[in-house]
Amino acid sequence: MINASADTAFRVGVPGTPMTVTHTDGFPVVPTRVEAVLLGMGERVDAVVEVPDAVVLLLGLAEGKDGVTQVLLRVGPGAAPDVMAAAAALRGSPVTPMSDLSAAESVVLPDREPDVVQPMTLGGPEPGYTWTINGRTYDPAAGVPVREG
């Protein structure tokens, strides 16, 4: 699943059906069983969902907004669940933010001090939906001082 929105976080899950998160942003994590995840803009998550022999909804609820998106998963017989009732159930479920997951041992980097620290303060939005870094509009030609090695 991916949150492809530009300014909305989504609570994602199958009400009443836990899922096991296996990867975030393409990297393996310690498999973690969750009721729902909170996906920020551009975040991706891989999860195993053991869908019951029924008809269930995979929902994405826009945090702080009224939007709901759905995928109907028809594995067994039955009528589609009521979307608003399912959304209310998912809103009441515990949510796991991506920051609560731990990297799998195979991708954990060793602890060490950084070679260089480059403070960057994001500001905005300014009029016209302009954002700044360290008080200035970002200029890709100027870049940020980074050197190889």
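Ser 93 touches Arg 11 and Glu 35, leaving aside residues up to four places away in sequence; contact means heavy atoms within 4.5 Å. This is a predicted model, where local features need pLDDT of at least 70, side-chain atom pairs count only at pLDDT 80 or more, and totals for chains, interfaces and linings use all residues. Residues are numbered from 1 along each chain as its sequence is written, and side-chain values use heavy atoms, without hydrogens and water.

**Around Ser 93**
- Ser 93 sits in the loop between helix 1 (83–91) and strand 8 (96–97).
- Ser 93 counts as buried because its relative accessibility is 14%; buried means under 20% relative accessible area, with a 1.4 Å probe and protein chains only.
- A polar atom of the Ser 93 side chain lies 3.1 Å from the backbone oxygen of Ala 89.

**Fold and overall form**
- Along the principal axes, the C-alpha atoms fill a box of roughly 60 × 45 × 25 Å.

**Packing**
- Of the 149 residues in the chain, 26% are buried.
- Among contacts in the chain with a separation of 6 or more, 59% join residues 24 or more positions apart.

Definitions and conventions: Buried means under 20% relative accessible area, exposed over 50%, partly exposed in between (1.4 Å probe, protein chains only). Helices (H or I, at least four residues) and strands (E, at least two) are DSSP runs, numbered from the N terminus. A polar contact is a pair of N or O atoms within 3.5 Å; within protein, one must be able to donate a hydrogen and the other to accept it, and residues adjacent in sequence count only if both atoms are side-chain atoms.
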